[in-house]
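Subject: Structure handover and findings

Hello,

Here is the structure we discussed, for your files. My notes on it follow below.

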Amino acid sequence: MSQRRTAATTAAIEVHDLTVSYGAKPVLWDVDVLIPAGQIVAIVGPNGAGKSTLLKAIVGLVRPLTGWIKVFDAPFEQRRAWVAYVPQRESVDWDFPTDALDVVMMGLYGQIGWFRRPSREHRQRALQCLEQLGIAHLAQRQISQLSGGQQQRVFLARALAQNPKLYLLDEPFAGVDAATEDTIFRILRQLRDQGRTVVVVHHDLQTVADRFDYVVLLNLRLIAAGPVEEAFTAENLQRTYGGRLTALAYAAETLLRRDVARESQR
Amino acid sequence: MYGFIDFTLLNVLAGSTLLCAVAALVGTFALLRREALLGDALAHAALPGICLAYMIVGDKSLPALLAGALATALTAAACHRFILWASPLKEDAALGISLSVFYGSGIVLLTKIQGLGFGTQAGLKSFLFGSAATMLPSDVKFLVALALVVAVLLGLFFKELKLAIFDPEFATTQGYPVRMLDVLLTMLLAGVIVAGLRIAGVVLMVAATIVPPAAARQWSDRLGIVLLLAALLGGVSGALGAYASAVSPWLKTGPAIVVVGSMLFLLSVLCSPRRGVLARWLRERHTRLRIEEDHLLRDLYLVCEERGDFAAVVGFVDLLGMRGLTPGQLRRVAHRLISRGLLRSEPDGLRLTDRGIRAAQRVVIRHRLWETFLSKQLNLPSDHLHRDAEEMEHVIDDALLRDLQEQLGYPTTDPHGRRIPKETDQ
């Protein structure tokens, strides 16, 4: 009992007995997971494993069939202001008539409130967020004129503007250049060091070991969750990805690299 | 006498202008939601409502007919949403179903009414096809009120509507009532269309909600400006169309407005500065011409390099052989370079001027540096380099050039062993 209490108070997200289905097809099945606060967490698994659905369930975009989710020990509806959700880049129409600064400002609408226009301070704050991602010079650029990496930076800047405790990022590294990936990881580390929690739906198994603290392996069911050193094992990957050889080959390579790196450190 | 004509004309002018402007405002949001055709479905779905109201009330009482039209239009919108939610169908099919089912039942009702032999049913059709020329002062007052309501609501919820349309998922997680905002927009659209039907007819109302917003989108990348421009273009086409039909009686108001609007749209698609067809064509042409010029400069440079004399006169035949240009093509490119002062025409060929040599060097440096980069960093075999460099030599700007030089350690020869020139003017 006491163990459960401590777990609940240090968890950023607590998912209990979660089942989600689209129509008759289940996408998540009996998922139980605790995501600790103050860490960079990867959610990995093959395509169609329910990774994005898990994020969407956390922020109430899909309704679970059974189970419940708590964010910092309360239902999400009471924690909206603490959470920044960054959807997949393709989920919006980038030809929409607006510029980068305006999109970042959307992260401040909660602060600004209904019926009011953004003030000079809000613009300044939005500009700072773009600055943090190194694209302040693109503030006035129409968003379709940005590269994929720049669009992803704009989305992350919008999340920064919200100043939340918990960041939920859906595939932020899909179709993004290496420089952007480095910048984003640098910022995610800064956020973690400030005590924020970052949860990333991730595809690239090669970077999991080096860049994440905690990993959730998902394939319809929860396969494993834990600190990367414990949970990101060849056995768990085999169970997550089954016979998918390419993914396994990647993972084996990563594990090998990590072992070699450890050896050399000794 | 004149006073009377002017007064009627003024009525029609003011009414059409207001109606088209306000239709363009609500239409812009529909366009951005990629639901431009929702207005079409709403307009057609008004027919059964008009017929039902007439059958129930028994005469052509305006408020009753309007209420009926609005009721079935909104029901159709609800059906559309329900089909989207409940079935795997996409927007287009769902719209098609709602439109045809409602319009079809409207036609059935209309036939039924005609069969019953009411004396006054003739006016019902004009409800659907509009008669702007009969606009009354009361209609104009009503339109002023409608325009005010729409403008105030859109102004109040501007920021939230923008967010809900651009990124509905994010807006939902932030606690915004995305569905309510969606309902608000649909109600405004239905309201404006139904209000305009009797005045302007189905086709014009659909056109007025789609065409000016689409034209306005060509000119600006800011939502606020797109909205204002759409209202402006809508207003202008409303005014011009109404005026044109007033001075030439054979021209009906509705179609005249559509024609003016379409011309403004065509103009926008062709001439707008960034998205326009003309601007795009000019940009592409500019790039193509520059590539041709760069190639000729480099060809001349290569011949001169081989001869060890950059002031050499290179014969036309040599140049024609290098990339299979026709004499006409070569002459046109050469003329452009001569007029830019990079080439001089000699009796038996072409010669690079001093500035021409520098310009040719620029191209050659980039070409050979890129080949070096490909071969050194990407380990491509030497026979794979040229074609890629042929494209990159036009794209590399000064900053990238410096990066390349630095990364490659300021190489002096390319993978084929040819010298990489230094820019003499540096």
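Two residues are taken to be in contact when heavy atoms of theirs lie within 4.5 Å. On that basis, 36 residues of chain A touch 28 residues of chain B. Please keep in mind that this is a predicted model.

The interface

The size of an interface is often given as the accessible area lost when the parts come together. For chain A and chain B, the buried area is about 2,900 Å², and carbon and sulfur atoms give 59% of that. The rule finds 7 salt bridges across the interface of these two chains. A:Arg158 forms a salt bridge with B:Asp167, where the closest N and O atoms are 2.8 Å apart.

The three-stranded sheet of chain A

One open sheet in chain A has 3 strands, in the order β2-β1-β4, with antiparallel pairing. Its edge strands are β2 (25-36) and β4 (66-71), and each of them pairs on one side only. On average, neighbouring strands here are turned by 15° against each other, direction ignored.

Strand β1 (residues 11-22) of chain A is joined to β4(A) by 5 bridges, and the two run antiparallel. A:Val15 has A:Ile69 in β4(A) as its bridge partner. Helix α2 (residues 51-58) of chain A lies across β1, β2 and β4 of that chain, and it runs at about 115° to β1(A).

A:Asp17, in strand β1 of chain A, has a positive phi of about 55° although it is not a glycine. Its relative accessible area is 29%, so A:Asp17 counts as partly exposed. A:Asp30 is placed in strand β2 of chain A. The phi of A:Asp30 is also positive, near 50°, and this residue is not a glycine either. A:Asp30 has a relative accessibility of 40% and is therefore partly exposed.

The six-stranded sheet of chain A

Another open sheet in chain A has 6 strands in the order β5-β6-β7-β3-β8-β9, and its pairing is mixed. At the edges stand β5 (83-86) and β9 (221-227) of chain A; each has a single partner strand, so one side of each is left without a neighbour in the sheet. The twist from one strand to the next averages 15°.

Within this sheet, strand β3 (residues 40-44) of chain A pairs with strand β7 (residues 197-201) of chain A in the parallel sense, over 4 bridges. One pair to look up is A:Ile40 and its bridge partner in β7(A), A:Val198. Helix α6 (residues 148-162) of chain A lies across β5 and β6 (166-170) of chain A, at about 170° to β5(A).

A helix in chain B

Helix α3 of chain B covers residues 62-86. Which residues of α3(B) are buried? They are B:Ala64, B:Leu65, B:Gly68, B:Ala69, B:Thr72, B:Ala73, B:Ala76, B:Ala77, B:His80 and B:Ile83. Buried here means a relative accessible area under 20%.

Regards

How values were computed:
Residues are numbered from 1 along each chain as its sequence is written. Chains are lettered from A and ligands numbered from 1 in the order in which they are written. This is a predicted model: local features need pLDDT of at least 70, side-chain atom pairs count only at pLDDT 80 or more; totals for chains, interfaces and linings use all residues. Side-chain values use heavy atoms; hydrogens and water are left out. Two strands pair if DSSP finds at least two bridges between them. Axes are lines fitted to C-alpha atoms, for helices over the stretch in contact, and angles run from 0 to 180 degrees between N-to-C directions. The expected span of a helix is 1.5 Å times one less than its number of residues. Buried means under 20% relative accessible area, exposed over 50%, partly exposed in between (1.4 Å probe, protein chains only). Buried area is the accessible area (1.4 Å probe) that two parts lose on being put together, summed over both. A salt bridge is a side-chain nitrogen of Lys or Arg within 4 Å of a carboxyl oxygen of Asp or Glu.
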